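Hi,

Here is the structure I promised to pass along. Have a look first, and my notes on the charged pairs and one surface patch follow below.

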Amino acid sequence: MVVELSTLGGDPEVARMMGEDIRFHSELSAERRFVFLGKAAIYSAGATFMSFFARGNRYLTRGTRLMIHERKLCKTLEINGPLTTCIASVKATLHEIEHSIAIQNEGFENLIAGSSVTMDEVLRRAPENWYLEAQEAKTLGLIEGVI
């Protein structure tokens with residue numbers, strides 16, 4: 001089964017949900033091959049989705065760009081009320097950020113597994129939106145091939 005995709009990004013949790021379906025069916029039906037074929041642009045949540053495919057089943061078409069970045073958060077924290085309530089609100093926001101980072105890093109680990117890319121490199125480059133051309137992604141071992 002080939003999943004073809006071109007995307008400028010989207011909701012990372014939807015990408016994770018779709019990816020879990022790929023992982024589940026790949027494990028359930030070992031005789032079936034689930035292949036990712038990225039075309040033109042695989043940005044953000046697209047890279048997250050791609051990370052759920054076995055590295056040997058990832059392909060990009062010539063000229064496709066892959067973009068890897070950190071999750072983003074846009075939130076206003078208003079501190080107003082009894083002091084203990086203020087602490088709880090701040091802690092809740094901190095926990096949200098910490099767990100989002102953990103989920104993000106799990107995705108990065110899936111993406112780079114079996115490649116020459118280190119986690120340190122991803123964490124250094126992702127905050128600035130790391131763009132890779134298809135051939136570079138192949139050279140680094142993030143994908144199996146360029147079609």
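How many salt bridges does the structure hold? There are seven, counting a side-chain nitrogen of Lys or Arg within 4 Å of a carboxyl oxygen of Asp or Glu. This is a predicted model, where local features need pLDDT of at least 70, side-chain atom pairs count only at pLDDT 80 or more, and totals for chains, interfaces and linings use all residues. Residues are numbered from 1 along each chain as its sequence is written, and side-chain values use heavy atoms, with hydrogens and water left out.

One of the bridges joins Lys39 and Glu4 at 2.7 Å, N to O. Lys39 sits in strand E2 (residues 35-43) and Glu4 in strand E1 (residues 2-7), so this pair ties together parts that are 35 residues apart in sequence. Strands are DSSP runs (E, at least two residues) and helices likewise (H or I, at least four), numbered from the N terminus.

Glu13 and Arg16 pair at 2.5 Å, N to O; they are three residues apart in helix H1, about one helical turn. Both also belong to a salt-bridge network with Arg71.

In helix H4 (residues 119-125), Arg125 and Glu121 are four residues apart, and their closest N and O atoms are 3.5 Å apart. Glu121 is buried at 19% relative accessible area, whereas Arg125 is partly exposed at 28% (buried is under 20%, exposed over 50%, partly exposed in between; 1.4 Å probe, protein chains only).

Cheers
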